[in-house]
Amino acid sequence: MICAQCGASMDQTDKNTFTGRVIREYLCRGCGYTDWEDDGVALWQALEDLQEKHEATAHEPAANAAPSQPDLPQPAQFPPASPWQRLTGFFRRKE
Ligand SMILES: [Zn+2]
């Protein structure tokens, strides 16, 4: 990433996926400017979405045909879990 302040190339200082998206943080060594970029859906979130879609279609084969149905059953692990709980839950499920 290029620094918006001085045009130097910035170093990546952090990367987190707590929100379900990959956020990369950058620091410019020249002027100290920090910035971040959204690098798309995190892998763990994509896998979880895939699993939820799979479970939804398994329980409700007609869901794709009628997506506006008002009272579809929600997957059990959907909110109210916090992003952190969902992240640690993901790693627990992998063990
Ligand atoms: Zn800079």
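**View 1. Pairing of β1 with β2 in the predicted model.** K15 has R24 of β2 as its bridge partner. The model shown here and in the following views is predicted. Strands β1 and β2 run antiparallel to each other and are joined by five bridges. Four residues lie between the two strands of this hairpin, where G20 adopts a positive phi near 95°.

**View 2. Pairing of β2 with β3.** Strand β2, comprising residues 21–27, pairs with β3 in the antiparallel sense over six bridges. Within this pairing, R24 lies opposite E37 of β3, and E25 lies opposite W36 of β3.

**View 3. The three-stranded sheet.** The strands form an open sheet in the order β1-β2-β3, with antiparallel pairing. Its edge strands are β1 (11–16) and β3 (34–41), each of which pairs on one side only. From one strand to the next, the twist averages 25°. Strands of a sheet pair through backbone hydrogen bonds, in either a parallel or an antiparallel arrangement.

**View 4. The sheet in the context of the chain.** The secondary structure of the protein consists of two helices and three strands. Read from the N terminus, the elements follow the order β-β-β-α-α. Of the 95 residues in the protein, 5% are buried. Among contacts with a separation of 6 or more, 32% involve residues 24 or more positions apart.

Key
Residues are numbered from 1 along each chain as its sequence is written. This is a predicted model: local features need pLDDT of at least 70, side-chain atom pairs count only at pLDDT 80 or more; totals for chains, interfaces and linings use all residues. Two strands pair if DSSP finds at least two bridges between them. Axes are lines fitted to C-alpha atoms, for helices over the stretch in contact, and angles run from 0 to 180 degrees between N-to-C directions. A residue is buried if 20 or more other C-beta atoms lie within 10 Å of its own, exposed if 12 or fewer, and partly exposed in between; C-beta atoms are placed from the backbone. Two residues are in contact if their C-beta atoms, placed from the backbone, lie within 7 Å.
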